[in-house]
Amino acid sequence: MVGKKKETTTSLEDLIENAGGCAVVDGGFATQLEKHGAAINDTLWSAVSLIKDPDLIKRVHLEYLEAGADVLVTSSYQATIPGFLSKGLSIEEGESLLKKSVTLAVEARNSFWEAVKVSPQHHRYNRALVAASIGSYGAYLADGSEYSGDYGPNVDLDKLKDFHRRRLQVLVEAGPDLLAFETIPNKLEAQACVELLEEENIHMPSWICFSSVDGENAPSGENFKECLDIINSSNKVNAVGINCAPPQLIESLICKLKQLTSKAIVVYPNSGETWDGKAKRWLPSKCFDDDKFECFATRWRDSGAKLIGGCCRTTPSTIQAISKVLKGKSQ
């Protein structure tokens, strides 16, 4: 019920507490699919594996769980009904693939937890939550606009809500533990996400993550105060943060967000390499290795982050390094 006073903690808040105050999000999904030989240079990106190799998706989820991830993000970032239609699939087939993205993650989580909870190593792990990934409109366009926020003059609030609505409904029906809106590049799309959560009366935790290219503002150039004012007004959004931004920018962004919101802060940067959205390739640039992620993860936690992971070009070894240092346990 909109505006109802919160009486109990959410599963996300419980997870953060059980993880010792800072939970671990998984890492780059497409990166790991490619490591295993998947060909994903496609407008559907990692979602193409939902069609071609769902078993590989489950394998990658299990690798991140083994590395210590407390949150699994589904393979639906670039999975959209219009995207599937453009590949010749029906609406029903597209919706089925969206549901499958959640089912694969839930099955991986359940099988891993059943095995680990009776093992001597169970103290190293928490029962992970499954976050249904909802990529930005720019991710669907696959033209790099999730890093510019420039959707053109014909994209308004209603168009963005229409674009996201059915995917949101289908993913919620599939039964994840929470929703992850990712690489949101502008205030308008953040508003669309917030209004959809209200209109659809969603009762599961969610986070909204922006990208940032300058460490100061959203990719659109809008300042984060404008963006967060919208999010702060909603009790449907439990956490806010940054994903797929260079790790060098994260510490200052956490400090900035901390001044602007009382919601939990989630960060999962990329490795620091630069994605050329038009050429569809990674450009050589200064990047963080696993040792640097291990070093900076504690700084990000101490700056106020409650959920920390990795995005593009990070791997299970990155997440293992983060988990090891945040949980203070030998991995």
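Guide: Strands of a sheet pair through backbone hydrogen bonds, either parallel or antiparallel. In this predicted model, eight strands form an open sheet in the order β1-β10-β7-β6-β5-β4-β3-β2, with parallel pairing. Two strands count as paired if DSSP finds at least two bridges between them; helices (H or I, at least four residues) and strands (E, at least two) are DSSP runs, numbered from the N terminus. Residues are numbered from 1 along each chain as its sequence is written. Local features need pLDDT of at least 70 and side-chain atom pairs count only at pLDDT 80 or more, while totals for chains, interfaces and linings use all residues; side-chain values use heavy atoms, with hydrogens and water left out.

Visitor: How many bridges join strand β4 to strand β5?

Guide: Four bridges join β4 (residues 178–184) to β5 (residues 206–210), and the two run parallel. Within β4 and β5, A180 stands opposite W207.

Visitor: How should I read a nonpolar core?

Guide: In soluble globular proteins, nonpolar side chains tend to be buried together. A nonpolar core is a set of buried Ala, Val, Leu, Ile, Met, Phe, Trp, Tyr and Cys residues joined through side-chain atoms within 4.5 Å. Buried means under 20% relative accessible area, exposed over 50%, and partly exposed in between (1.4 Å probe, protein chains only). Here the largest nonpolar core has 80 residues, and those with the most contacts inside it are L179, F181, I208, F210, I242 and W300. Helix α6 (residues 91–116) supplies the largest share of this core, 10 residues. Apart from it lies another core, of 22 residues, including V71, V73, A239 and V266.

Visitor: With which residues is I208 in contact?

Guide: Contact means heavy atoms within 4.5 Å. Leaving aside neighbours within four places in sequence, I208 touches F181, I184, A190, C193, V194, I231, V237, A239, V240 and G241.

Visitor: Is L228 buried or exposed?

Guide: L228, in helix α10 (residues 224–232), has a relative accessible area of 0%, and is therefore buried. Beyond its neighbours within four places in sequence, L228 is in contact with F210, V240, L257, L260 and T261.

Visitor: What share of the protein's residues is buried?

Guide: Buried residues make up 57% of the 331 residues. Among contacts between residues at least 6 apart in sequence, 77% join residues at least 24 apart.
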